[in-house]
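Open the model in your viewer and keep the selection panel at hand. We will go one stop at a time.

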Amino acid sequence: MNVPMTWLSDFVDISGIEMRRFTDVMTAAGTKVEGVHTVGALLRNIVVGKVVSARPHPGSGKLRVCQVDVGAGQLLSIVAGAANVMPGDYVPVALDGACIADGKEIRTGDIRGEASQGMMCSVEELGFTRFDYPESPENGIYVFEAQHPLGADAIEILKMRADVVEYEITSNRTDCFSVVGIAREAAAAFEREFTLPKPALREEGGADASAEISVEIHNQEGCPRYVARVVTDVKIGPSPLWLRNRLTMAGLRPINNIVDITNYVNLELGQPLHAFDIDCVAQRRIIVRSAADGEQFVTLDGAERVLDASMLVIADPEKALAIAGIMGGENSKIGDGAQTVLFESACFDGPMIRAASAKLGMRTEASSKFEKGLDPNLTLAAIERAAELVEKLGCGKVLRGAVDVYPNVRVEKTVSYDAGRVSGIINAEFTHAQIEAYLARLGITAKDGAARIPTFRQDISIEADIAEEVARLFGYDNIPTARGTGAPTSIMAGKKTAKQVCEDDIRHKLVSFGLYEALTFSFESPRVFDSLRIPEGDALRNAIKIRNPLGEEYSIMRTQTIGGMLRSLSLNYNRRNPRAWLFELGKLYTPRTDGGGLAVETEVLTIGMYGGGADFFAAKGIAEAIINTVTDTDIDTAADSGLCFLHPGRAARLWVNSGADQAGIVGEVHPDVAAAYDIGERVYVAALNLSKLFDMPRPVKAYRPLPKFPGISRDIAVVLADTVEVAQMRRVIVAAAGQYLEGAELFDVYTGEQVGKGFVSAAFRLDFRAKERTMVDAEVDAAVSAVVESLGGTFGAKLR
Amino acid sequence: MTDKLAELERQCARRIAELAGLKELEQLRLDMLGKKGELTTLLKSLGSASPEERPALGRLVNSARENIEKMLEAAKAGIQTRETADRLSAERIDVTKPGKAPQFGAKHPMTTVLDSLKDIFVGMGYSIAEGPEIETPYYNFDSLNISATHPARSEQDTFYFANGDSLRTSTSPMQVHIMEAGQLPVRAICPGRVYRRDEVDATHAPVFHQLEGIVVDKGVTMGDLKGTLELFAKELFGSGTKVRFRPHYFPFTEPSAEMDVSCFVCGGQGCRVCKHEGFIEILGCGMIHPRVLEMSGIDPVVYSGFAFGMGLERISMQRFGISDLRLLHENDVRFLKQF
């Protein structure tokens, strides 16, 4: 909301308040100032001059050399391009050293051999348009309509300089979307008097308005009040400068006097008005009714609209004239030939207007006000003000009286409060008298805990609202701070849950492993399933769809996190980053069928890496380390060639708790998938179901005594078929080695000529140790023999 | 005999002076003191001397042996010192060559900022609550006193699913989940993802992060709200930070406020970053609306509370001077490396 300070001062005396203080105090009191701009701030050294003579420029047929009197004794010689100025014209002259709207400085110079000591200005050069100054010529120098003193400040005369303050108005304060509303707040904030002059009308039209027109409301819920006035002998023309200027500064374009008046009153009082050409209203009967389903209507912007029964129209007995509260119709708009005008000042149901405006995709100046819900008691004041302006501008004769249909009058309500509780909310002591004084500044009459709330303050309905009014005038900054604990006995330990501590731990570990944390959106494109080679009918394709997405790309909730990870890796790859190791802690969303809500939100750790020596085992090692960060468990790896987005020979599921629970997956990304994401390198990913892991017990840190007796280690290398998995070998070794086996670590794998095609040599280090004694070689030899024998018996393995 | 011994000692000293290393020294020891060494040979020749001469001669030989042993020992120490020095000298490296950088990654800047916020509030006695991102209309709107016709509910602003549920538009529904749990007094923060229908640009994303805070207890006042958030601001932005509370409007708090902090670029003088206001808006807050307390099963006559909510992207971007929000979701390692 932009309000020129001069307009504000019509209703409150704000003299003697420095601008910085004004904005600070307004902001502190709740009407936040977003900024102040001074219209015409740059304009300087532009004065009234009189053209004394004009002759053609000897060097150019298009230019003229004018002699201009600016009251300085000596005439200025000015070269001009515009042809509209004549000797005797009074014009704005930018002198040597002047500054015009675009910041350009005007200097005495030479134009094609003729001295030019300044510039005669158009309104455009001063930062305005012909909408603001309709008397100005097209593509020409502005010519004053009166003879002003030569050398006087032209900008002052044209009223081109003014401070305009921009306010942020919160949606609950419908009353403050107006100059008067902000003036009321300014008066309260600075403890100055607020005055709203009562319009004085002459009503020279002769007849009674009620004799000329009638108004019927067929939908009272949609339209609680409708007030109309009639103006005859209308003379359409431009509004006077002061009015045009105020509209422009507030951000509106002047159009003609009648339309300008409706806009002016809307800005000043916050009540949108509409004007109809009465000759277009059949039988001069205004009917407020619901639209018919499918009713067609052409709005005054020329667009054809299709309405439905949830919308409200202003109609005559034959046709709709306007979409109520949103926009008028082409069939009744005020043209230059309008002679009799009906002014409408009505109140419409906010939600109804909002819904209609959204359905029609039309958000207008009027609808944006109505949709917030306006005070029906504002309508009469607004139409009186409009009538007053008609008379003031001399653009018509106002008929006697207003036609006012207002079946259920809205009255002030009373809100009761307790001074002690209000003080308690704020943390400062207020007596009844003090509270009453604060409220009085806002136009609220209160006595002994009962406040009568004016109907324009629809936002106040409970005690807490009263507390806010008191607090903001007392000053939020003046409220003494407290220690933030409520009751003094409330001692509370702040801490993270075990799960949250574990999450921190996971992040620290991953960072120390060389991974960077990524953040991706929770949305996916349905095309992700094809990119990831997920077959038709797969559960992963069962995603929750967003009804109103921002486009297909973001239209479903992700059921897997690999897609987002691959997009991030792809971005890195295509920006030629040689190594990208990323992780993300995020959720995936799967449809829920047990009736407990729409989705199961599962927390997942996703790892993705390429370059920098990344391979399957690096990814697997990281995944395993993280699993054991969350919980103490054995981890089994099971190859799974059915993980569609992974390399069929390099894909595995990770099982924990002796195969009871699946913790996640790890693998090399399928080359077709990598290609779909435009990554030209081998990519490795892992995904762990953290929600599941967090349900398991956290690792317990406890000391175990260090061994007292030395152990014995033996290395064995066996040759066996290369189809045998290391995990299988290990299981056989562990089963055969007996109770003293402490560890069996694979330290070398060899394939090649020496072992023959289809075979592999696997070397293990076997560590033996007895807890209470030193072992002897013989028993270790026996255990090793048992291992070799068992490997031989199970896999046909031979000692190498 | 004396002469021979003296000559042997001299000979030993000469050869020591010419020694190249420990191997040669060992050879010299064998030559002198070994089984077939010169001194051993001399000692054997004592057998031909008379019994009267033998003790004196024996002493002479032994004394010579001691001298030679001493010489050899000293020589050994000398050679060892020299060899060590030679080896160390040969092992000289160019210490100005670059160190081997350990490979480590980094937390996302959003996590870094969130961690510092968590630390501040945990230190002030808060716990951290987590909750769903998909909410029913009750939790996302109704329970927060957001009217049925409020524009925040529009399809323009909120992502909906077929059953009428939506992605939460703020972390405020967590206030209600926490209050419904009924563990009073309560002091908690709830960080998390929130969703609004904003197209991606330099300052907007449809997915972003907020941190909600809630305190409910007997006798909580606006003074507690101010004290808490002022302390928080000083912890996060520095002890010299000034805060400003401005009246504002939220349907779920009354009275409501926005908190600004003095601009950390210009310190309040006014600059481009703070749009010449000297202050930067950081969060919204207020006393929990009595109707919200009531709906969550808390008696507003007995209990009161405050709540606050802030956007984390904005704080991260300001803290690290990040100019474009999209950088936070691209995951370019050259960006992530910087934090």
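Begin with two strands in chain A. Select β15 (residues 285-290) and β18 (residues 312-315). They pair in the antiparallel sense, over 4 bridges. Now pick I287(A). Which residue is its bridge partner in β18(A)? It is A315(A).

Select S214(A) and find R285(A) in β15(A), which stands opposite. While you have strands on screen, keep a rule in mind: in a regular strand the side chains alternate between the two faces of the sheet.

Next stop: the nonpolar cores. The largest has 281 residues. Select A228(A), V313(A), V341(A) and L688(A), the residues with the most contacts inside that core. Zoom in on A228(A). What does A228(A) touch, leaving aside its neighbours within four places in sequence? Its contacts are A209(A), I213(A), V215(A), I286(A), L342(A), F343(A), E344(A), A402(A) and V403(A). Another core, of 17 residues, lies apart from the largest one. To find this other core, select some of its members, including A762(A), V787(A), L791(A) and A797(A).

Now zoom out and show the whole of chain A. Remember that this is a predicted model. Count the elements if you like: chain A has 21 helices and 39 strands. Of its 800 residues, 42% count as buried. Among contacts with a separation of 6 or more, 70% are between residues 24 or more positions apart.

Colour chain A by domain.

- domain 1: 2-40 + 163-190
- domain 2: 44-160
- domain 3: 209-405
- domain 4: 413-476
- domain 5: 498-694
- domain 6: 712-799

Select domain 4 and domain 6 of chain A. How many Å apart are their C-alpha centres? The answer is 85 Å.

The contact takes 74 residues from chain A and 71 residues from chain B. On the side of chain A, select helix α13 (residues 463-474), which gives the largest share, 6 residues. By class, the side of chain A that touches chain B has 35 nonpolar, 23 polar and 16 charged residues.

Notes:
Residues numbered from 1 in each chain as written. Chains lettered and ligands numbered in written order. Predicted model: local features only at pLDDT ≥ 70, side-chain atom pairs only at ≥ 80, totals over all residues. Pairing = 2+ DSSP bridges. Domains from an automatic or database assignment. Contact = placed C-beta atoms within 7 Å. Nonpolar A, V, L, I, M, F, W, Y, C, P; charged D, E, K, R; others polar. Buried ≥ 20, exposed ≤ 12 C-beta atoms within 10 Å, placed from the backbone. Core = buried A, V, L, I, M, F, W, Y, C linked by C-beta atoms within 7 Å.
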